[in-house]
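Please consider the following assembly with its sequence and coordinates at hand.

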There are 6 protein chains.
Amino acid sequence: MKRIVTLGEIMLRLSTPGFERFVQADNFDACYGGGEANVCVSLANYGLDARFITKVPKHEIGQSAVNALRKYGVDTTYIARGGERLGIYYLESGASQRPSKVIYDRAHAAIAEADSSDFNWKEIFDGIDWFHFTGITPALSDKAAGITLEACKAAKEMGLTVSVDLNYRKKLWTPEKAGEVMATLMPYVDVCIGNEEDAEKVFGIHADDTDITKGEINHEAYEGVAKKLIERFGFKYVASTLRESHSASDNGWSALLYDGEKSYLSKKYDVRIVDRVGGGDSFASGLIYGLITEMPLQEALEFAVAASALKHTIPGDANLVSTEEVETLMKGDGSGRVQR
Amino acid sequence: MKRIVTLGEIMLRLSTPGFERFVQADNFDACYGGGEANVCVSLANYGLDARFITKVPKHEIGQSAVNALRKYGVDTTYIARGGERLGIYYLESGASQRPSKVIYDRAHAAIAEADSSDFNWKEIFDGIDWFHFTGITPALSDKAAGITLEACKAAKEMGLTVSVDLNYRKKLWTPEKAGEVMATLMPYVDVCIGNEEDAEKVFGIHADDTDITKGEINHEAYEGVAKKLIERFGFKYVASTLRESHSASDNGWSALLYDGEKSYLSKKYDVRIVDRVGGGDSFASGLIYGLITEMPLQEALEFAVAASALKHTIPGDANLVSTEEVETLMKGDGSGRVQR
Amino acid sequence: MKRIVTLGEIMLRLSTPGFERFVQADNFDACYGGGEANVCVSLANYGLDARFITKVPKHEIGQSAVNALRKYGVDTTYIARGGERLGIYYLESGASQRPSKVIYDRAHAAIAEADSSDFNWKEIFDGIDWFHFTGITPALSDKAAGITLEACKAAKEMGLTVSVDLNYRKKLWTPEKAGEVMATLMPYVDVCIGNEEDAEKVFGIHADDTDITKGEINHEAYEGVAKKLIERFGFKYVASTLRESHSASDNGWSALLYDGEKSYLSKKYDVRIVDRVGGGDSFASGLIYGLITEMPLQEALEFAVAASALKHTIPGDANLVSTEEVETLMKGDGSGRVQR
Amino acid sequence: MKRIVTLGEIMLRLSTPGFERFVQADNFDACYGGGEANVCVSLANYGLDARFITKVPKHEIGQSAVNALRKYGVDTTYIARGGERLGIYYLESGASQRPSKVIYDRAHAAIAEADSSDFNWKEIFDGIDWFHFTGITPALSDKAAGITLEACKAAKEMGLTVSVDLNYRKKLWTPEKAGEVMATLMPYVDVCIGNEEDAEKVFGIHADDTDITKGEINHEAYEGVAKKLIERFGFKYVASTLRESHSASDNGWSALLYDGEKSYLSKKYDVRIVDRVGGGDSFASGLIYGLITEMPLQEALEFAVAASALKHTIPGDANLVSTEEVETLMKGDGSGRVQR
Amino acid sequence: MKRIVTLGEIMLRLSTPGFERFVQADNFDACYGGGEANVCVSLANYGLDARFITKVPKHEIGQSAVNALRKYGVDTTYIARGGERLGIYYLESGASQRPSKVIYDRAHAAIAEADSSDFNWKEIFDGIDWFHFTGITPALSDKAAGITLEACKAAKEMGLTVSVDLNYRKKLWTPEKAGEVMATLMPYVDVCIGNEEDAEKVFGIHADDTDITKGEINHEAYEGVAKKLIERFGFKYVASTLRESHSASDNGWSALLYDGEKSYLSKKYDVRIVDRVGGGDSFASGLIYGLITEMPLQEALEFAVAASALKHTIPGDANLVSTEEVETLMKGDGSGRVQR
Amino acid sequence: MKRIVTLGEIMLRLSTPGFERFVQADNFDACYGGGEANVCVSLANYGLDARFITKVPKHEIGQSAVNALRKYGVDTTYIARGGERLGIYYLESGASQRPSKVIYDRAHAAIAEADSSDFNWKEIFDGIDWFHFTGITPALSDKAAGITLEACKAAKEMGLTVSVDLNYRKKLWTPEKAGEVMATLMPYVDVCIGNEEDAEKVFGIHADDTDITKGEINHEAYEGVAKKLIERFGFKYVASTLRESHSASDNGWSALLYDGEKSYLSKKYDVRIVDRVGGGDSFASGLIYGLITEMPLQEALEFAVAASALKHTIPGDANLVSTEEVETLMKGDGSGRVQR
């Protein structure tokens with residue numbers, strides 16, 4: 001069985017029930033997630049051996065985050081304990097023309113203030129095939145960026161495949177800072193996932209003629225971005241989701257993969273959205289699954305897109321679909337007929 | 001007032017809240033339903049005198065199933081008590097490309113192990129006009145098949161109109177077994193409801209050129225199936241719903257009725273789905289209501305289709321709409337404007 | 001900061017959870033609202049100084065209604081206390097072809113039986129810029145109509161701008177009675193909001209060739225109605241929402257404003273509905289906000305329509321959106337992308 | 001099987017969840033109850049044939065009240081339909097030193113404004129053994145008092161046993177009015193249930209030396225009251241519960257029955273309260289069950305007290321315990337050990 | 001009407017439903033509270049003019065905290081906006097031998113990092129009679145301690161009565177630091193509330209022979225502590241609650257007030273606990289209410305104790321009881337009989 | 001770290017919310033538990049390496065049971081997959097004189113129909129120190145009894161300590177059958193937990209003069225039973241909980257341990273019950289923890305009793321307390337003071 005490690009933050013997610021606005025909520029639905037944790041849960045759920053690396057405080061809220069990972073089969077053995085707090089994000093689900101809103105309260109989280117000595121990468125990566133991280137972790141703090149770099153170096157040294165989801169977060173850092181830090185990490189990366197906006201914000205690489213608020217998609221422009229990313233950093237593959245945001249309720253969803261020579265374009269799904277958060281992470285985990293199990297590139301891409309289309313129908317951060325369910329959709333049955 | 005009896009299983013339905021997957025649920029919404037019970041509740045709700053026949057265990061869960069029927073005015077006087085357990089089905093509601101899932105846990109239910117002596121059909125059918133059953137009941141067990149046959153014979157003997165909803169369930173029996181058992185029951189049936197898939201699986205009758213996963217409808221093919229059913233079994237009417245499954249959230253919904261000479265095709269509704277389960281049962285109860293109250297055939301069909309379109313918007317198994325509401329929709333007002 | 005007063009009823013709203021029908025509900029979601037209260041909350045929420053005038057009973061349910069207003073910053077100082085009961089309305093949310101249903105239980109409410117002496121308009125209107133009421137308040141009772149007239153007279157006398165939302169409610173009075181009473185109030189009104197149906201029912205003014213159950217819109221017809229309203233009552237502005245009811249789940253939503261010379265037509269939004277109630281009130285509050293802050297007419301109209309499009313996505317009666325959110329949508333971003 | 005009729009009001013009960021105060025509640029638990037309805041449900045639940053007589057509005061809230069009765073097996077055939085509204089009561093559950101609070105909103109209810117012609121007592125009482133009413137029904141309105149009198153007369157004429165629970169409600173009428181009206185009804189009564197406070201308020205009969213707020217019980221005083229009631233009205237039996245209110249969470253609970261010659265005193269239970277409402281009604285239904293099934297007087301009293309002790313542990317108005325459960329407690333097993 | 005200001009932190013409280021442990025919770029009940037906010041809400045609820053001073057972030061979670069205060073009538077005009085985050089505390093309710101648990105996540109809250117310039121005390125205290133703060137606010141940070149000192153000075157200068165609740169929090173500071181900072185504030189204080197533990201931890205003043213884990217109370221020891229506090233700081237009054245912790249479910253609750261000459265001891269209540277948090281705050285607000293409305297000392301103390309006994313039965317931080325309810329209990333009616 | 005294996009059934013537990021009766025429930029709280037699973041979760045929660053052995057069906061409900069174990073750190077690697085269904089038990093929580101009720105629906109569960117070949121005990125027990133089972137597992141079916149015997153033999157052979165909780169279940173087998181089967185297993189057992197009732201029902205060993213419904217405890221009688229058990233089967237230790245069932249809300253709770261020479265009696269706790277289910281299992285896991293970590297016998301017993309006293313306050317089957325929490329209570333702090 002293939003083995004993977006992801007590094008990142010796991011937060012307490014507090015979402016308002018139904019479509020309530022924050023000011024209406026008298027209770028919050030609670031779950032635990034974060035970009036890298038979501039990828040890890042999804043991969044464990046597909047049956048891989050997936051280990052998550054982070055730091056959580058020693059109290060029961062920290063433990064609850066660990067339990068949420070264990071529940072879905074993630075290996076939590078190497079999660080460090082200590083620090084001040086668990087990061088939080090508040091979520092209000094939008095609908096129609098009203099966008100979903102996220103309020104982050106993640107500063108001073110244990111992982112953001114973790115120390116290099118909290119993680120022994122030789123031990124953590126022993127017997128592991130793949131290492132995945134995102135642009136969020138190095139954005140948390142300089143210390144977190146340092147830890148990410150150490151992880152990348154160790155991974156490369158120990159022969160792991162390394163993937164990144166660029167995931168630019170404007171609340172965490174500036175494009176300048178992001179570009180500077182991420183540039184030090186990219187040399188270790190084999191597979192880069194990132195949409196046009198990420199590429200532009202982090203590396204100043206941009207596509208022409210695309211207005212993301214309009215929901216129009218220009219594949220050629222995306223391919224151009226991918227090409228530039230590979231030229232600059234030597235990635236093996238670059239992939240990007242292609243989201244057409246018609247509204248908070250309805251999106252078009254497809255993706256593109258470029259291997260330096262050829263670009264693969266997936267089928268497009270029109271998704272009726274239940275929970276939009278974690279959509280990108282479910283693409284990343286689907287793609288990693290496809291690549292690590294050595295599917296042909298087009299198939300790996302289709303797997304990733306079908307998987308993430310399904311994610312949009314599942315409440316919570318993580319993509320709790322089976323490989324069988326993804327495959328059924330890939331094969332064309334999106335009829336939604338009751339499975340008895 | 002017209003009086004009807006239905007025979008079948010009533011199960012505890014345990015559904016996950018919202019769009020939660022099974023593995024996410026910390027509580028289940030509970031209601032009680034099943035194909036024939038749903039028809040019975042709906043007919044009682046339309047104002048008919050409707051009696052349900054089944055067997056439930058003597059404990060409080062069995063009683064709760066009885067109470068659920070009484071609440072909506074069903075006559076539960078002749079429900080037998082005893083046996084081991086109440087059948088259960090677990091339901092996870094799908095959305096968009098993700099189908100709803102049903103896990104049955106109905107083996108060894110009281111009705112499946114009921115004895116012929118539990119039911120006195122002379123008494124049960126006294127003063128009754130119509131008897132309805134489905135292909136699920138005889139599929140439960142040989143004993144249940146035997147009871148169904150006894151009921152059919154008594155009904156015919158006592159002059160009731162008999163209707164069946166073929167409802168093939170692949171988890172309960174094979175096409176061979178189904179064909180064999182159902183063939184013994186069909187001679188007593190006047191009105192047969194069943195879609196193409198049922199006809200094919202149970203009686204090996206099939207339409208050409210229809211792929212149910214594609215959501216395309218071929219009316220002529222359906223009419224051909226209906227014709228063959230009437231030829232073989234001498235039904236007075238054959239009806240079928242025509243579901244176009246665009247996704248788990250959106251379906252096209254219409255139906256066809258064939259009287260041996262002419263086929264009637266209903267208006268089609270594009271339904272945004274709240275709860276898909278019981279859609280077919282609501283069509284059956286609508287059609288029975290139309291026929292028993294002697295509506296013209298086209299009107300009876302339109303009533304059935306409008307009624308079942310509305311069912312798709314109601315949580316739970318049963319179709320809790322009034323005849324007035326159905327008629328409003330039949331007359332063309334599907335505008336959904338607030339009724340104050 | 002501009003200051004506004006609205007007069008009307010605030011009711012306890014008891015709505016079934018999810019899409020449950022009334023007969024299925026074992027609990028009700030409770031909030032407090034009503035046409036004029038909704039306008040007042042929305043204006044307070046936009047940052048205006050908004051005062052609500054009503055009468056509520058002295059018990060805790062009455063106090064809860066006051067608290068609901070205070071929570072969103074409404075000035076409740078002049079709310080009278082006493083009387084028998086707080087009005088109630090029961091709400092069942094529809095979907096697809098099934099309309100939402102409202103059952104009113106508002107007779108004998110404190111405000112319907114309030115006395116002229118309960119309100120000192122000189123004090124209430126001191127320093128106020130705008131007075132808003134609807135056709136519901138005078139419909140409650142003759143005493144309430146009398147109070148509304150006193151308020152209108154005082155408002156005019158003290159130089160306030162006066163707006164009305166015609167809001168014809170057939171359960172409260174007949175067209176004859178409505179026409180008679182409303183005619184005594186119109187002379188004090190500057191801004192009249194009312195759709196075609198209101199104009200026809202209350203004043204016998206009607207547009208040609210529009211069938212509201214069909215969801216077709218005829219702008220010219222509406223303009224004709226507006227013209228007639230201005231001719232008869234000398235309003236400064238007449239505005240109307242243009243709802244296209246495709247179903248209980250999907251509406252087209254736009255509006256028209258006529259200033260006696262020119263008619264302004266807004267952009268149209270296709271809204272996926274979460275909560276339809278209060279849609280008209282959110283348009284009224286949006287328009288008042290636009291006019292009171294002296295936006296150009298087209299902009300004021302666009303603000304009102306964008307605001308009320310957003311309201312359709314928010315549970316409860318009131319429109320809890322910020323001016324920033326409305327402006328984002330006005331500027332064309334209805335993509336619903338997550339705001340992080 | 002013994003058959004019983006009760007006449008009265010059924011209300012929508014809206015209670016705050018947990019121990020929330022009214023001003024904290026964002027939703028209400030909904031059930032349907034009322035003194036006489038509670039007695040009727042309990043008797044149906046014990047297996048008797050119990051029929052409830054009231055009037056409810058024709059809308060879905062009225063129907064929901066009927067459904068709540070049907071669910072537990074009550075015969076609702078003779079419930080009249082029409083009128084303005086269904087009465088409501090709001091309930092806030094107390095604890096420890098904080099008392100539970102009830103806010104009534106029952107004026108103008110359909111039953112309060114029902115007409116004599118709504119009920120055909122000859123038909124209603126046909127084949128019935130027992131008629132029960134309470135002091136609440138005649139207090140609702142003069143019309144309701146008139147209907148109650150007609151029912152009493154018909155019951156007596158047709159040979160039914162008649163019981164009353166005095167249940168004085170100070171919000172509905174004055175002691176003077178109560179005394180006057182109730183005196184006209186008492187001649188038809190065989191079994192009178194009423195505590196000291198009722199006897200004093202309604203008939204000016206009082207015990208010495210008892211302070212109900214102190215929780216002390218003086219059996220001799222109660223016996224004196226019972227004696228005076230029998231002397232004045234010729235009842236066959238008088239019964240009273242003896243509640244020791246230590247706090248909203250803990251009560252002592254016993255009762256006394258006097259047959260004109262001898263007084264029977266029950267065992268006392270120390271009850272930990274879950275839901276205090278309907279405690280008296282569960283005693284009444286227990287006593288009626290004991291008497292109608294011809295238990296010896298001491299046994300009938302013990303049944304009634306044990307039954308009502310159990311009621312205090314059940315949420316909602318009605319006493320949903322089986323006769324077996326009551327008998328287990330009567331026989332001394334109050335250990336609360338898990339029944340597997 | 002008397003006017004009061006309190007200064008402090010308001011936090012988001014996230015509590016597990018029912019008696020769930022943290023690791024079991026899939027949702028949290030949300031409300032907003034904190035020692036000084038609780039006092040403020042309670043005083044507004046008693047009908048005083050109560051103003052709360054704090055700083056909250058500009059986002060919707062900050063606004064929700066403000067709304068929670070406004071809902072209960074608190075004046076929020078002078079609350080500063082800005083800063084990083086709103087403090088949080090997680091609460092798990094205990095029962096029997098299992099204690100309730102609080103996990104604080106309040107570091108870096110807006111009020112802890114507020115600046116002196118955020119508050120204009122001349123304006124804030126204009127027309128105000130009383131200023132209340134607790135030992136929690138100066139413990140938050142040096143800046144918060146500075147702000148508290150400025151508030152105390154201004155209050156004294158402008159002639160307000162000043163009260164403090166010592167409220168030592170060991171997670172926020174050491175006894176040494178607490179003693180040092182609090183000593184600079186005490187000269188401005190008129191009324192000091194604090195139990196034995198507070199006095200010992202903050203000022204090294206201790207009573208002999210009391211073991212707080214045993215639930216035994218030694219009044220003389222408490223009087224000795226009060227005497228020493230007055231000697232050292234010249235307070236006008238010192239008050240302390242006397243909690244006897246039998247278990248997490250049952251407490252004895254009384255209090256003592258010392259005026260420098262005489263000590264007053266209240267009645268003791270045995271309380272069955274619903275929500276223990278805010279018990280001390282409800283005593284403080286009750287005492288302030290008694291003193292500010294010039295009740296005799298014994299009466300003020302009884303009011304405070306009765307009020308806080310009632311608080312233990314109310315979910316959430318704040319004491320939402322009316323003065324009438326407190327007075328009923330003070331007069332001896334703790335019978336918990338239903339108030340209809 | 002010590003390692004333990006438990007073998008048994010894990011069921012879906014469906015409990016009514018609050019104190020609702022089965023017939024009132026419209027939803028069920030869902031968790032997963034069972035005697036042996038509860039012991040396993042509790043031991044994993046104390047920090048031991050705990051492995052659970054059972055068989056669950058391959059569908060999502062089976063997986064949910066596995067996830068519930070993983071969440072709390074149980075090793076689920078060797079759980080077999082397959083079979084027909086997951087057992088269920090329905091739970092209604094009692095209060096005061098009303099007992100809790102359990103309805104089992106566990107027949108035909110996967111573990112009851114598991115095959116010997118599903119478990120490789122050499123592999124399962126490799127490196128394990130302790131094996132625990134209960135009298136429930138062999139009662140499920142002859143096959144399950146056979147598997148239990150194989151496990152016992154392998155455990156003994158491989159040098160593990162073996163413990164049993166007799167746990168007689170009258171719905172599963174007769175005393176005769178139980179005695180016969182259990183007698184074949186006892187020779188492998190080192191530590192036997194079982195109360196008087198178990199000993200009497202299973203082995204016909206009984207104490208004199210104890211009436212379990214009265215809540216009186218006779219320690220000497222228990223010691224006599226323990227002595228007889230050791231004489232017959234050669235156990236090293238026999239332990240029994242001593243429950244005094246005052247009511248469903250209040251129990252006295254203590255225990256006795258006998259080592260063949262001396263009997264140890266624990267402190268007694270008066271527990272206010274939140275959830276009674278799993279009380280015995282929490283004692284077993286506490287005792288195993290005490291013995292496996294080599295506490296002195298009295299301390300091990302006190303640990304077990306304090307742990308299980310705390311369990312009674314936790315909803316769900318499992319005892320989610322930490323060793324620190326147990327130790328705090330053992331040391332005498334049952335004051336329930338808030339832990340901040």
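With 9 C-beta neighbours inside 10 Å, does E:E294 count as buried or exposed? E:E294 counts as exposed, because it has 9 C-beta neighbours inside 10 Å. Here a residue is called buried if 20 or more other C-beta atoms lie within 10 Å of its own, exposed if 12 or fewer, and partly exposed in between, with C-beta atoms placed from the backbone. The model is a predicted one, in which local features need pLDDT of at least 70 and side-chain atom pairs count only at pLDDT 80 or more, while totals for chains, interfaces and linings use all residues. Residues are numbered from 1 along each chain as its sequence is written, and chains are lettered from A and ligands numbered from 1 in the order in which they are written.

E:E294 lies in the loop between α9 (279-292) and α10 (297-311) of chain E. Helices (H or I, at least four residues) and strands (E, at least two) are DSSP runs, numbered from the N terminus. The phi of E:E294 is near 60 degrees, a positive value in a residue other than glycine. Most residues other than glycine have a negative phi. Another such case is C:H108, which is not a glycine and yet has a positive phi of about 70 degrees. C:H108 is placed in the loop between β8 (101-105) and α3 (121-124) of chain C. It has 18 C-beta neighbours inside 10 Å, so C:H108 counts as partly exposed.

In chain B, attention turns to strand β9 (residues 130-134). Because 5 of its 5 residues are buried, β9(B) is largely enclosed by the rest of the structure. In a regular strand the side chains alternate between the two faces of the sheet. Both faces of β9(B) are covered, with B:W130, B:H132 and B:T134 buried on one side and B:F131 and B:F133 on the other. Two strands pair if DSSP finds at least two bridges between them. Strand β1 (residues 3-7) of chain B runs parallel to β9(B) and is joined to it by 3 bridges; B:F131 is the bridge partner of B:V5. Strand β10 (residues 161-165) of chain B also runs parallel to β9(B), with 5 bridges between them, and B:S163 in β10(B) stands opposite B:H132.

Helix α6 (residues 175-185) of chain B has buried residues too: B:A178, B:V181, B:M182 and B:L185. These cover an arc of only 95 degrees around the axis, which puts them on the same side of α6(B); the arc is that of the directions from the helix axis to the C-beta atoms. Among the elements covering them are α4 (137-140), α5 (142-157) and α7 (196-203) of chain B.

Between chains, 21 residues of chain C are in contact with 24 residues of chain A, where contact requires C-beta atoms, placed from the backbone, to lie within 7 Å. On the side of chain C that touches chain A, β15 (269-272) and α10 (297-311) of chain C each supply at least two residues. The most comes from β15(C), with 3 residues.

Chain C can be laid on chain A by a turn of 120 degrees and a shift of 0.0 Å along the axis, with an RMSD of 0.0 Å. The two copies are thus related as by a three-fold rotation axis. The superposition is by least squares on the C-alpha atoms of residues with pLDDT of at least 70 in both. In chain C, the C-alpha nearest the axis belongs to C:G18, 5.0 Å from it.

Methods
Two residues are in contact if their C-beta atoms, placed from the backbone, lie within 7 Å.
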